[in-house]
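Welcome! Take a moment to look over the chain, and then we can walk through some of its features together.

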Amino acid sequence: MLSGTGLRIVEGIVLGIPVVGTWLSALLFGGEFPGRIIENLYPIHVAVVPALLVVLIAARARSAYVNGPVQFAGPGRTEDRVVGLPVWPNLAVRAGGLFAVVTGCLLLVAATVTISPVWLYGPSSPGDASAGSQPDWYTGFLDGALRLVPPGWEVDWLGRTWTLAVLIPLAVVGLFLLAVAVYPFVEEWVTGDHREHRILDWPRNEPTRTGLGVGALVFYGALWGAGSADLVATHFHVTVESVVALYQGIVVAGPIIAFLLTRRICLALQKRDRDILLHGYETGRIVRLPGGEYVEVHARVQAAERYRLAGPVAAQAEDAHPTEDGRLRIGDRVRAALARVFFEDRLQPVDDGDPGGGRTDEAIERGELTAP
């Protein structure tokens, strides 16, 4: 019943596409709903998708073999040098253990849990859809986008009816997925950093990138939550209109607030890391200075921790440079403006030739300070 309802929604969305919607619906369903949708989707599920998964796994394995694994910063690790565990026997044993755990969980679920007992309900019927039906987790954000559109969004243009209540959510979601796919290339163009990177960045050390990611998660989460607006209204005893209005506000303002707040949190964490790197971490030990002042002992952080606290690689925003005829191209101006925003308030790494503090401990050993 849920699958039939979901396919009906898919048909409505496809029919809402101007010009080609009717043709696409006939091609997908093979006629009037439900048509031959099962026969059309069956080979995709049992042949096309598994073959694509095999191809992707092979491509992923080849990429890992050619480019090498990525790693977090640590002693001896560089962009060209990987320091990690050997494949045999360390990684092989880990992979084997993970395989055994996953296999055991699958067997346990298969033996004890009833999944989708379609034989108990019979064929799909629109009149028998259960109350509180919700979209699948992987399509919930699409349903939520449709629910957030105000009613009555239709216009007549060029002799056709344009259902904006369907077209605008599809366009917004499509642009969002496109932005996720092209963002790495956009950041490379904005920052001018075309180097090959195999050292992973800590989220706090890239505040703008992390802020954009959190903002995208808030946007996606709001759409996903809006897909269950009716259940939220019934469980919390509020009107569904107020729930939809709340999610509309979150979709518009939530990503901006999340971006600004996340970036400030990342910068604050960077400042704390820099303080620990330069002065060491607090040990809880109190010592007395020769003048009678009491201070807390700071101890040196370990070498592996110093690499993490050292912060991002030094980088600066590049200004727009004029061409040979003295003109500034619009593209260069836009890139320079975005680069200034990307590197705004970014902390530069410190010289960690002898970082980590510990100087108070050394002073005690030399007898300059007295431990109480």
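Where is the place of H237? H237 sits in the loop between α8 and α9. Keep in mind as you read that this is a predicted model. The protein has 12 helices and six strands, and we will visit a few of them below.

**The whole protein**

- Of the 372 residues in the protein, 24% count as buried.
- The protein exposes about 24,900 Å², and carbon and sulfur atoms supply 66% of that area.
- Among the contacts with a separation of 6 or more, 67% come from residues 24 or more positions apart.

- Helix α8 covers residues 229–236 and helix α9 covers residues 240–279.
- The axes of α8 and α9 come within 9 Å and cross at roughly 125°.
- The crossing in which α8 passes α9 is right-handed.
- On the α8 side, A229, D230, V232 and A233 take part, and they meet V240, V243, V244 and Y247 of α9.
- Sorted by class, this contact of α8 with α9 has seven nonpolar residues, no polar ones and one charged one.
- Is H237 buried or exposed? H237 is exposed, because its relative accessible area is 72% and anything over 50% counts as exposed.

- D273 has a relative accessible area of 3%; the cut-off for buried is under 20%, so D273 is buried.
- Which residues is D273 in contact with, leaving aside neighbours within four places in sequence? They are R204, R308 and L309.

**Helices α6 and α11**

- Helix α6 (residues 164–191) packs against helix α11 (residues 330–342) at an angle of about 95°, and their axes are 8 Å apart.
- Angles of 65 to 115 degrees count as roughly perpendicular, and this is why α6 and α11 are described as roughly perpendicular to each other.
- From α6, the contact uses Y183, E187, W189, V190 and T191, while α11 brings G331, V334, R335, L338, A339 and F342.
- By class, the contact of α6 with α11 has seven nonpolar, two polar and two charged residues.

**Two prolines in loops**

- P34 lies in the loop between α2 (21–29) and α3 (37–67).
- The peptide bond leading from F33 to P34 is cis, with omega near -5°.
- P135 belongs to the loop between α4 (87–112) and α5 (140–147).
- With a relative accessible area of 27%, P135 is partly exposed.
- Not counting residues up to four places away in sequence, P135 touches G140, D143 and G227.
- P135 and G227 are 92 residues apart along the chain, but their C-alpha atoms are separated by 7.1 Å.

**A strand residue, I286**

- I286 is found in strand β5, which covers residues 281–288.
- I286 is partly exposed, with a relative accessible area of 39%.
- How many residues apart along the chain are I286 and E296? They are 10 residues apart, and their C-alpha atoms are separated by 4.4 Å.

How values were computed: Residues are numbered from 1 along each chain as its sequence is written. This is a predicted model: local features need pLDDT of at least 70, side-chain atom pairs count only at pLDDT 80 or more; totals for chains, interfaces and linings use all residues. Side-chain values use heavy atoms; hydrogens and water are left out. Axes are lines fitted to C-alpha atoms, for helices over the stretch in contact, and angles run from 0 to 180 degrees between N-to-C directions. Helices (H or I, at least four residues) and strands (E, at least two) are DSSP runs, numbered from the N terminus. A crossing is left-handed if the near helix is turned anticlockwise from the far one by less than a right angle, and right-handed if clockwise. Contact means heavy atoms within 4.5 Å. Ala, Val, Leu, Ile, Met, Phe, Trp, Tyr, Cys and Pro count as nonpolar, Asp, Glu, Lys and Arg as charged, and the others, Gly among them, as polar. Buried means under 20% relative accessible area, exposed over 50%, partly exposed in between (1.4 Å probe, protein chains only). Angles under 35 degrees count as roughly parallel, over 145 as roughly antiparallel, 65 to 115 as roughly perpendicular and the rest as oblique. Accessible areas come from the Shrake-Rupley method with a 1.4 Å probe; for residues, only the protein chains shown count as cover.
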